[in-house]
Amino acid sequence: MNRDRKNYLAHSLEGGLFIGGMSFIAGQTVLTVMAKELGAPNWVISILPIAMFMGLITAPILTASFIERSRHMKRISMITGVPQRLVFLVAGLVLIFWGEERPGLALTALVLAPILSGAFGGVGHGAWMQLVARTVPANRRSSLSAT
């Protein structure tokens, strides 16, 4: 298998697993119901559907010049991509182990998870886009996004 195919397959699998995983915590449905069950005020519940998006659009403004000067996009993508995903694992563990005993802690973890995930994702988004542009041929990028 040539390098272009491997890169295409790797990006497809990573993207599919990430988007598939995100469906389990759908901000419009699952997160809001969980927050309501934990006693969140209405303003917190109303922010949850866009919490991740806020980080995704805010962080690149602050990091664009750094990403522009960098040469190693894979390293940046990995450094920001791992915590982007781990915050949901930590929040899930907090909910499982302390959700009933400490609902305030559980609610804090629940609210911070999409915000922090979005911030980490936003910091590395430019690097990830550059990585895809460098590793996937131009004629395959649209189908990669569709996949």
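Which residues in helix 4 are buried? I began my notebook with that.

**Ground rules.** I am looking at a predicted model, where local features need pLDDT of at least 70, side-chain atom pairs count only at pLDDT 80 or more, and totals for chains, interfaces and linings use all residues. Residues are numbered from 1 along each chain as its sequence is written, and side-chain values use heavy atoms, leaving out hydrogens and water.

**Helix 4.** I found Met73, Ile76, Ser77, Thr80, Gly81, Pro83, Gln84, Val87, Phe88, Ala91 and Val94 buried here. Buried means under 20% relative accessible area, exposed over 50%, and partly exposed in between (1.4 Å probe, protein chains only). Helices are DSSP runs (H or I, at least four residues), numbered from the N terminus. The buried residues of helix 4 pack against helix 1 (3–22), helix 3 and helix 5, where contact means heavy atoms within 4.5 Å.

**Salt bridge.** How many did I find in the whole structure? The search gave 1 salt bridge (a side-chain nitrogen of Lys or Arg within 4 Å of a carboxyl oxygen of Asp or Glu). Glutamate 14 and arginine 85 form a salt bridge through their side chains, at 2.1 Å, N to O. Glutamate 14 is in helix 1 and arginine 85 in helix 4, so the pair ties together parts 71 residues apart in sequence. Glutamate 14 is partly exposed at 33% relative accessible area, and arginine 85 is also partly exposed, at 31%.

Methods
Helices (H or I, at least four residues) and strands (E, at least two) are DSSP runs, numbered from the N terminus.
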